[in-house]
Amino acid sequence: PICQDYLLPTGMYIAGPSEISYFAQVSPLYGFFRVPMPCIYPRASVTLMEKNLSATVLKLNIQLPEIFLGEDILLQKTLNRTQSFDVDARFAESQAELEKIIDSLQQQILEIDKTIADAADRYKVKIVSSLAEYKTKVMEAQKRKNETTVRQLQGFSVIFTLQISMVTS
């Protein structure tokens, strides 16, 4: 682009996200070669949604940026809104509390026997993995309980497929 802008100066370049990133990387070279860098302007982006998907977005109180987080994340965020507690947050809190308790125990056990205290790390890994397994089961039960919501959100898989194919092509 520097050679091109030297031969045929460009006033403004309308670019996509990848091109903007590229121009950010080569911008120092414009100064080095004393070539005026064009003004970079982001290309417009549009998301089209069918009427039934739009109704689902409103009904489930989904924020538009959440749609692009990915199907699993969108599903979990939506299900968490319908529950009395946020499964992700509650399990994260529980894991932090358990790790804190184990670390505290380990410090006290060091006074008794160092070799037994060293085993605490192995037990912490086992407890955390068991908690993660339990969280997975709770999330599956949550999906079963909210089958209608899950089915409605599966319509968004078209958007995820389009987004992925647009990014990869």
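**View 1. Thr 78 lies in helix α4 (residues 71-82).** Helices are DSSP runs (H or I, at least four residues) numbered from the N terminus. The model is predicted, so local features need pLDDT of at least 70 and side-chain atom pairs count only at pLDDT 80 or more, while totals for chains, interfaces and linings use all residues. Residues are numbered from 1 along each chain as its sequence is written, and side-chain values use heavy atoms, without hydrogens and water. With a relative accessible area of 1%, Thr 78 is buried (under 20% relative accessible area; exposed is over 50%, with a 1.4 Å probe and protein chains only). Leaving aside residues up to four places away in sequence, Thr 78 touches Leu 60, Ile 62, Thr 149 and Leu 153 (contact: heavy atoms within 4.5 Å).

**View 2. Helix α3 (residues 51-59) has Leu 53, Thr 56 and Val 57 as its buried residues.** These cover an arc of only 100 degrees around the axis and therefore lie on the same side of α3 (the arc is that of the directions from the helix axis to the C-beta atoms). Exposed Lys 51, Leu 58 and Lys 59 are carried on the face turned away from the buried side of α3. Asn 61, which follows α3, has a positive phi near 55 degrees.

**View 3. The axes of helix α5 (residues 87-110) and helix α7 (residues 120-145) come within 10 Å and cross at roughly 165 degrees.** Axes are lines fitted to C-alpha atoms, for helices over the stretch in contact, and angles run from 0 to 180 degrees between N-to-C directions. α5 and α7 are therefore roughly antiparallel (angles over 145 degrees).

Conventions
Helix = DSSP H or I, 4+ residues; strand = E, 2+ residues; numbered from the N terminus. Parallel < 35°, antiparallel > 145°, perpendicular 65-115°, else oblique.
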